[in-house]
Amino acid sequence: MTESSPSPDGVGRTLTRNKEGKATSTSHRPSFLLLGDSITQFGARHDPVGWSMLLASKYTGERKADILNEGFSGYNTRWVLRILPHILKDVPQNQVLLVTVMLGANDATAPDHYQHVPLDEYGDNLRAIVEQLRQTLPNAIVIILSPPPLDFDAHNSGRDPNDKDGRSLENVQKYAARAMKVAQDAQVLSLDICTLMHAEPNWKEMLCDGLHLASSGNGFLHDQLMQLITAKTPHLTVEALPLHLPHHTEAGQFDFGTL
């Protein structure tokens, strides 16, 4: 049973504490929103185990937060900006505590490719996405992630010569740098996955096809994100977030009529 009356925390959740002082939330479960392209969408896959799946195993598996994967394979910032109002209207807006934005892998194609978005427009689109997130999700901390590096040889291996998309490591690095500049200007958190991964001796092995993440690449992204959350937003670690609704050992004494 609890020793104290329920009280709201900093983002409006109602908390109770048991005899050991462990917090339980009796409000709606908080959410983390992951916004991006295929590198986010495929993060929900189990083979290889994606970075979104790893987050869900931690947060949802411990009944601390739901992971909402809003990855759209093949999309660029122009298209994500257009669909963002549609996405956000179905999101529990006051419950979203963290948003990751990872876009640019498709924007960074050749100028004549249908997915291409010029670098300056890419930056403007990212700024507009961040502003829309801020306006709609009042409790959310935004993190901009750069796209991972590109292994040109692996990406083009076996591709139809007439189906070249013009991707290159050098071009992705330009878009990654612009993403970090947008984060700095907007004063949001950032994670330069492109630079961090490229600095690893085995970085090419972290990509399954030169573009998308292999198992080790998903693990790398997940670990880097968790390090950032621990360092910059420690109140959003698994350990810090309260359990959603009472533990089963306390359920018999809990007044569920108060929910």
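## Alanine 199

Alanine 199 lies in the loop that links α7 (193–198) to α8 (215–232). The model is a predicted one. With a relative accessible area of 60%, alanine 199 is exposed, because the cut-off for exposed is over 50%.

Proline 149 is 50 residues from alanine 199 in sequence, and the C-alpha atoms of the two are 9.9 Å apart in space.

## Nonpolar core

The largest nonpolar core is made up of 65 residues. Phe32, Tyr59, Val101, Leu133 and Leu137 have the most contacts inside this core. Helix α6 (residues 169–186) supplies the largest share of the core, with 8 residues. In soluble globular proteins, nonpolar side chains tend to be buried together.

Valine 101 touches Leu35, Leu126, Ile129, Leu133, Val142, Ile143, Ile144 and Leu145, when its neighbours within four places in sequence are set aside.

## Packing of α4 and α6

Helix α4 (residues 119–136) packs with α6 at an angle of about 40°, and the two axes are 10 Å apart. The angle therefore makes α4 oblique to α6. The crossing of α4 past α6 is right-handed.

On the α4 side, the contact involves Leu119, Asp120, Tyr122, Gly123, Leu126, Arg127, Val130 and Arg134. On the α6 side, the residues are Lys174, Tyr175, Arg178, Ala179, Val182, Asp185 and Ala186. By type, the residues of this contact are 8 nonpolar, 1 polar and 6 charged. Leu126 of α4 takes part in the contact with α6 and is also in contact with valine 101.

Key
Residues numbered from 1 in each chain as written. Predicted model: local features only at pLDDT ≥ 70, side-chain atom pairs only at ≥ 80, totals over all residues. Heavy atoms only, no water. Core = buried A, V, L, I, M, F, W, Y, C linked by side-chain atoms within 4.5 Å. Buried < 20%, exposed > 50% of the residue type's maximum accessible area, 1.4 Å probe, protein only. Helix = DSSP H or I, 4+ residues; strand = E, 2+ residues; numbered from the N terminus. Contact = heavy atoms within 4.5 Å. Axes fitted to C-alpha atoms, helices over the stretch in contact; angles between N-to-C directions. Parallel < 35°, antiparallel > 145°, perpendicular 65-115°, else oblique. Left-handed = near helix turned anticlockwise from the far one by under 90°. Nonpolar A, V, L, I, M, F, W, Y, C, P; charged D, E, K, R; others polar.
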